[in-house]
Amino acid sequence: MHLPWNTGEVDDLPTIGDRIDSVSDFSRLPGGPGAQLRQIREQAMAFRKEFPTTGVPASVVTCDLVTLPYPTRFGLFRASRSIAPFLSITNRMLVIRWVDSAHRQQTLLFEPSDHEHGRYTPYFDNLSRRTPGFVERRVVIEHGTVLGHLKQLGIAPEEVDYLLFDHLHTQDLRRWVGTTAPQRDLRTQPQAAFPNAKVIVQRDELAGMAELHPLQKPWYQPATYRDVPAEAFLPIDGSVVLGPGVAVVKTPGHVFGNQSLVLNTSSGIWVSSENVIAAEALTPQHSKLPGLAKWSRQWQQEIVLNANTIESTADQYNSVIFEKLLADRSQSDSRFLQFFPSSELTGMWTTPGTRPTFTHHHITHHAREPQGAPR
C-alpha cells in the first residue's frame with residue numbers, strides 16, 4: 001500500500017510537545033514483561049507527582065458521537081460470563097482548550113471520529129453486511145457529529161489546532177484534513193474541514209501503517225490515507241506534555257503506537273484511551289458484571305483488557321497498569337478511577353448481562369484560577 005510517507009519520510013516530519021523525561025518507551029525497558037511492569041509502576045508514580053505542576057487546561061467538554069455493538073469477547077477479554085455475544089460501546093469526543101506560552105488559545109479534539117465513514121473499517125463493514133437493516137437501526141444510535149457538536153459549542157473549525165486519537169483504528173481522516181486527489185468512493189476531493197489542524201500521532205503507528213501486519217488489517221482503513229497530505233501529521237516519539245495539564249503518554253500494546261490522553265482537572269487526574277472499555281475494568285473486584293470479579297481473582301489479573309487486537313497483550317496489560325496508577329479516584333464513587341474510556345461500555349436492553357456497574361458519561365472541567373506557568 002502506497003501512503004504519502006514511508007519509513008524515512010516519517011522521520012522528516014515536524015513534531016510537537018515537551019518530552020516527559022520520567023516516562024520511557026515501555027516496550028524498550030530492560031528485562032522481560034514482568035521486570036518491565038515493575039519499572040512502569042515506578043515511572044507512573046514519578047509522573048503522577050510531577051504532572052499536576054504543569055497546570056490545568058482552560059476547559060474540557062465531552063460530546064457523544066455514536067453507540068454501536070462490539071463483541072463481548074473483545075471488550076471484556078476472557079472475563080465476561082454474559083450470554084450476549086455483543087455489548088454496546090459509546091464513542092465520545094473530548095474538546096480541550098488551553099493557553100500556550102505565547103498566550104494563544106489552543107484547541108485539541110480527542111477522538112473526533114468521522115463515524116459515518118468509520119463504519120467501512122473491514123471488521124465493522126463485514127459485521128454490517130451480516131446484520132439485517134432493522135436490527136442495525138436498533139443497535140446503532142447516532143448522537144451527533146463532530147462538526148455539529150463544535151457548532152453548538154460556538155467553536156469554528158478554523159479554531160481547531162490539533163486532532164488526537166489513541167490510535168488510528170477505524171479512522172478515516174479525509175474529510176478532516178483533506179486530500180491531494182479526488183476520492184472515487186466520496187465522489188469528490190474533500191477540502192479540509194479543519195484547515196489549521198494537525199494530527200498528533202505516534203511515529204511508530206505511522207510507520208506501521210505503511211505495511212500492515214495481517215493481525216492489524218481488520219481494524220484499519222489504509223486506502224483512505226493514500227492521498228492524505230503527509231504534512232497533516234505531527235508525529236511524536238513517546239510521551240509529551242502539550243500544554244498546561246494536557247499530556248500524551250505512549251501506551252503500546254493495543255497497537256504498537258497506542259497513546260493515552262492525560263488531563264489534570266479541577267477533579268484531579270483523568271486518563272483516556274481504548275485500552276479498556278469500562279472504569280470497572282481497572283478495579284474488577286468491584287464489578288457486578290457477570291464473571292469479572294471472579295475471573296480477576298482466579299487468574300490474579302488486576303485489570304480486564306479490551307483485546308480486539310493481540311499484537312502485544314503483555315505490553316497492553318503493562319500500559320493499563322500505568323494508566324491505572326495515574327488516574328485519581330472518582331469523586332462520585334471512590335471504588336472506581338477517573339479513567340474515561342474513549343469507547344465506554346453502555347447498558348442496552350439488547351445486550352443482557354453487560355450493563356456496567358459504573359459509568360462516567362462525561363468529563364467536565366472549566367478552570368477557576370490561572371492555569372499555571374505554561375511550559
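Arg-48 is partly exposed, with a relative accessible area of 25%. This briefing concerns a predicted model and covers helix α2, to which Arg-48 belongs, together with some of the 18 salt bridges in the structure.

**Salt bridge of Arg-48**
- Arg-48 pairs with Asp-328 in a salt bridge whose closest N and O atoms are 2.2 Å apart.
- The pair joins distant parts of the chain, as Asp-328 sits in the loop between α11 and β13 (339-341), 280 residues from Arg-48 in helix α2.
- Asp-328 is buried, its relative accessible area being 19%.

**Helix α2**
- Helix α2 comprises 18 residues (residues 33-50), which at 1.5 Å a residue should span 26 Å; the end C-alpha atoms lie 25 Å apart, in agreement with that value.
- Its buried residues are Gln-36, Leu-37, Gln-39, Ile-40, Gln-43, Ala-44 and Phe-47.
- Viewed down the axis of α2, these buried residues fall within an arc of 165 degrees and therefore line one face of the helix.
- The buried residues of α2 pack against β10 (246-250) and α11 (313-326).
- On the face turned away from the buried side, α2 carries the exposed residues Gly-34 and Lys-49.

**Other salt bridges**
- Asp-204 forms a salt bridge with Lys-250, with 2.4 Å between the closest N and O atoms.
- This pair also links distant parts of the chain: Asp-204 belongs to helix α9 (residues 203-209) and Lys-250 to strand β10, 46 residues apart.
- Asp-204 is partly exposed at 30% relative accessibility, whereas Lys-250 is buried at 5%.
- Through shared partners, salt bridges join Asp-25, Arg-28, Asp-204 and Lys-250 into one network.
- Arg-335 forms a salt bridge with Asp-333, the closest N and O atoms being 2.9 Å apart.

Note on methods
Residues numbered from 1 in each chain as written. Predicted model: local features only at pLDDT ≥ 70, side-chain atom pairs only at ≥ 80, totals over all residues. Heavy atoms only, no water. Helix = DSSP H or I, 4+ residues; strand = E, 2+ residues; numbered from the N terminus. Expected span 1.5 Å × (residues − 1). Buried < 20%, exposed > 50% of the residue type's maximum accessible area, 1.4 Å probe, protein only. Arc of directions from axis to C-beta. Contact = heavy atoms within 4.5 Å. Salt bridge = Lys/Arg side-chain N within 4 Å of Asp/Glu carboxyl O.
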